[in-house]
Amino acid sequence: MNIKLVDFGIFGTNIGSVAEQSCAGSLRYMAPEILLGSLSSDPKIDVWSIGVLLYAMVLGEFPFVSREREELRQQILKKEIKI
């Protein structure tokens, strides 16, 4: 089995210390830094998204689940993950 990860460039590029001017992507995979307003293109945000993906692949469910956007946001910011 081969797994391929793809970056579609939704967030943008990191050119020096220039902050990204847009915020796009799926809320379910967004790092807390993004939700708190940081628009820097930091590798940590990619590691967070991969962690969410791996959690879902291994456990068969997402670590943060809600139909309400604000509740999902609060879970991402505050929920303690237990494995």
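Which residues form a nonpolar patch on the surface? The patch is made up of Met-1, Ile-3, Ile-50, Leu-54, Met-57, Val-58 and Leu-59, and together these residues have about 790 Å² of accessible area. Patches of this kind consist of residues with over 30% relative accessible area and no salt bridge, where like charges are joined within 9 Å and nonpolar side chains (Val, Leu, Ile, Met, Phe, Trp, Tyr) within 5 Å. Accessible areas come from the Shrake-Rupley method with a 1.4 Å probe, and for residues only the protein chains shown count as cover.

The model described here is predicted, so local features need pLDDT of at least 70 and side-chain atom pairs count only at pLDDT 80 or more, while totals for chains, interfaces and linings use all residues. Residues are numbered from 1 along each chain as its sequence is written, and side-chain values use heavy atoms, with hydrogens and water left out.

A view of the whole chain comes next. The chain has 3 helices and 0 strands, and along the sequence its pattern reads α-α-α. Both kinds of element are DSSP runs numbered from the N terminus: helices are H or I with at least four residues, and strands are E with at least two. Of the 83 residues, 22% count as buried. Buried means under 20% relative accessible area, exposed means over 50%, and partly exposed lies in between (1.4 Å probe, protein chains only). One member of the nonpolar patch, Val-58, is found in helix α2 and counts as exposed because its relative accessibility is 67%.

Rings of Phe, Tyr and Trp (its six-membered ring) pair if their centres lie within 6.5 Å; planes under 30 degrees apart count as stacked, over 60 as edge-to-face and the rest as tilted. By this rule there are 2 aromatic pairs. One of them joins Tyr-29 and Phe-62 edge-to-face, with 5.7 Å from centre to centre and 85° between the planes. Tyr-29 lies in the segment before α1 (32-35) and Phe-62 in the loop between α2 (43-59) and α3 (69-78), so this pair ties together parts that are 33 residues apart in sequence. Tyr-29 counts as partly exposed because its relative accessibility is 27%, and Phe-62 is also partly exposed, at 23%.

Trp-48 and Phe-64 also form an aromatic pair, this one stacked, with 6.1 Å between centres and 10° between the planes. Here too the pair links distant parts of the chain, as Trp-48 sits in helix α2 and Phe-64 in the loop between α2 and α3, 16 residues apart.

Arg-28 lies over its face, 4.2 Å from the ring centre; a charge sits over a ring if NZ of Lys or CZ of Arg is within 6 Å of the ring centre and within 35 degrees of the ring normal. Arg-28 is placed in the segment before α1 and is partly exposed because its relative accessibility is 30%. Arg-28 and Arg-73 are 45 residues apart in sequence, yet their C-alpha atoms are 8.2 Å apart in space. Leu-27 and Arg-73 are likewise 46 residues apart in sequence and 7.4 Å apart in space, C-alpha to C-alpha.

Side chains of opposite charge can pair when their charged atoms come close. The structure holds 1 salt bridge, defined as a side-chain nitrogen of Lys or Arg within 4 Å of a carboxyl oxygen of Asp or Glu. This bridge joins Arg-73 and Glu-70, whose closest N and O atoms are 3.8 Å apart. Both residues lie in helix α3, 3 residues apart, about one turn of the helix. Arg-73 is partly exposed at 25% relative accessibility, and Glu-70 is partly exposed at 47%.

Polar contacts complete the picture. Such a contact is a pair of N or O atoms within 3.5 Å; within protein, one must be able to donate a hydrogen and the other to accept it, and residues adjacent in sequence count only if both atoms are side-chain atoms. Gln-75, in helix α3, is buried because its relative accessible area is 16%, and its side chain reaches the backbone nitrogen of Val-65 at 3.0 Å. Ser-66 lies in the loop between α2 and α3 and is buried, with a relative accessible area of 17%. The side chain of Ser-66 reaches the backbone nitrogen of Glu-68 at 3.0 Å, and a polar contact of 3.2 Å joins the side chains of Ser-66 and Glu-71.
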